[in-house]
Amino acid sequence: MTPSDNRSRIDSHDLSFLAGSAVVFHCHHFNVFFDQTIDDAVGAERGTELRTRASHEAWYLLLSSLCERMAVDGPGPRLEVAANLFAAAGHGRMSFDASAAGGAATGETLHYAVGWRDKYGSRLRRQYPIDGFAAGFAAAAVEVAHGLDAGSLACVESSCLVTGADRCAFTLSPASAVFVVEGRTDEAWRAVLPAPVTGLHDDRVEAITKGLVDFLGNVAGDDRGLVQAFGVLVTNHPADYYNHLSNRMLEVTQKEKPQTLEVARSLLQESGQICGFHTFGGILASPEWEALVGAPSDPLDVIIGGLAISRALGFGHWCLEAYEPDQRLVLVSSGTYESVHNKVVIEETRWPCSYLFQGGAVAMMQLAHRVEWQPRPAFSGALYLKLRRDAPWVCKQTHCVGRGDVHDRVVVTRA
Amino acid sequence: MVASSKSKTLRIIVHLEADAPDRYAALQRLALQTGLALEALENPDSLTDEQRALIEEAAKRILGVDTLEIES
């Protein structure tokens, strides 16, 4: 049995799972900007702690379930499964020299470090390590390998590619902060899922989604443990990582600087917009897309393509409710990986929480109406800036499963 | 002295909006880092010296520099 044998999907809701944990594909533009927003809100030190903890919890849940399902026993085999999965999912290569009492881990070409250098390295000098995600993974992997409780070990990145080191180094040490993992598995998700929704052009969207899901099933890390495709670095993340982080960051922001709560939420939406621009755009302009579907020839092709991509990536069952070209886009979804998580874990959130849905919908209007598709465009930072300045759109999330509504719904209009 | 400090803050914000990575989000990032409302950043005259110092430090972090290259 391999990790892939433990993948499952809820096709009616387009949610994906690995060993019971929800997983989603994302790109480095989204990942780096999202993490940056966390640090902007709570500071570098606390942000690193929050990111490490969120990853630690998400990976502990996933790896402990995976090793149990695969009947893998013993520290060596369990660490091997974990490290191979990490690389296959595009996060980079990690090696361990650790026991139940701690030790060291080393990261080669880690996704966040390589991604940050690609996105900002030519312009910025970073002053602190970036790989809280890998640190949390390392702690969880060693704990699961040795049958320890979550939180028995702490992991800190001591040197990092982005601050000038030639590789990323991590120190694992005993900790006394054993914690309860907050995530839930697919059984809990299934129990709260609302009835499926449908939308316009669903037959077309669904046919493309099926092809894309098959295609993504074959995506795996290269020799570096990275997935380079569609002009971006792709990862398959435990969704809990993002959900824990956005919830905890907003909680801190509301408590400590409530005057910037809406700013924090708008930057989470911006992360989604960045994701939509780079990932949807990169896929729609790719030779693979051309072979599978054909190059977009009108704005509706872009909207339909965006819906299919979002479904295949595990974002949720995004459907088209209404569309007025260049004026208005209304999408509905029977939950998203953000809203269903919150429905399960928090029961009822204080505000609409499907930030990726919000930002992705805005990006779809940008791509549909402000991008020339022939010749094939390059989805650069400069183009993103131009679109943000020249073609402003606003998005309002009117419904959210996380708040008790029967579906998620977003409305995009001109600013 | 106070007038000079105010205009320096304005120049920092202008500099940030022109040169920051992700400059479409520069003002929001500045707000989130400093804990100052966007309205306050849009009206630098209303800021205290302590708030101006917060803005300067946050701008350095966003730009990844030790000193800001703005005219004094």
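Buried area is taken here as the accessible area, computed with a 1.4 Å probe, that two parts lose on being put together, summed over both. By this definition, chain A and chain B bury about 1,900 Å² between them, with 55% of that area on carbon and sulfur atoms. The model is a predicted one, in which local features need pLDDT of at least 70 and side-chain atom pairs count only at pLDDT 80 or more, whereas totals for chains, interfaces and linings use all residues. Residues are numbered from 1 along each chain as its sequence is written, chains are lettered from A and ligands numbered from 1 in the order in which they are written, and side-chain values use heavy atoms, with hydrogens and water left out.

At the interface, 25 residues of chain A are in contact with 22 residues of chain B, contact meaning heavy atoms within 4.5 Å. Across this interface 2 salt bridges are found, a salt bridge being a side-chain nitrogen of Lys or Arg within 4 Å of a carboxyl oxygen of Asp or Glu. Asp40(A) forms a salt bridge with Arg29(B), in which the closest N and O atoms are 2.6 Å apart. Over all chains, the structure holds 29 salt bridges. Within chain A, the side chains of Arg248(A) and Glu57(A) meet in a salt bridge with an N to O distance of 3.1 Å. Because Arg248(A) lies in helix H8 (residues 239-256) of chain A and Glu57(A) in helix H2 of chain A, this pair ties together parts that are 191 residues apart in sequence. Helices (H or I, at least four residues) and strands (E, at least two) are DSSP runs, numbered from the N terminus.

Angles under 35 degrees count as roughly parallel, over 145 as roughly antiparallel, 65 to 115 as roughly perpendicular and the rest as oblique. A crossing is left-handed if the near helix is turned anticlockwise from the far one by less than a right angle, and right-handed if clockwise.

The axes of H2(A) (residues 44-70) and H3(A) (residues 75-88) come within 11 Å and cross at roughly 120 degrees, which means that H2(A) is oblique to H3(A). The crossing of these two helices is right-handed, and its contact is made by residues including Trp59(A), Leu62(A) and Leu66(A) of H2(A) and Val81(A), Leu85(A) and Phe86(A) of H3(A). The residues of this contact comprise 10 nonpolar, no polar and 2 charged, where Ala, Val, Leu, Ile, Met, Phe, Trp, Tyr, Cys and Pro count as nonpolar, Asp, Glu, Lys and Arg as charged, and the others, Gly among them, as polar.

For H8(A) and H9(A), the axes come within 9 Å and cross at roughly 160 degrees, so that H8(A) is roughly antiparallel to H9(A). H8(A) passes H9(A) in a right-handed crossing, in which Ser246(A), Met249(A), Leu250(A), Thr253(A) and Gln254(A) of H8(A) meet Leu261(A), Ala264(A), Arg265(A) and Leu268(A) of H9(A). The residues of this contact divide into 5 nonpolar, 3 polar and 1 charged.

Two backbone features of chain A lie in loops. A cis peptide bond, with omega about -5 degrees, joins Gln374(A) and Pro375(A), and Pro375(A) is placed in the loop between helix H13 (355-370) and helix H14 (381-390) of chain A. Asp14(A), a residue other than glycine, has a positive phi near 50 degrees and occupies the loop between strand S1 (7-10) and strand S2 (15-18) of chain A. Most residues other than glycine have a negative phi, and most peptide bonds are trans.

Notes: Axes are lines fitted to C-alpha atoms, for helices over the stretch in contact, and angles run from 0 to 180 degrees between N-to-C directions.
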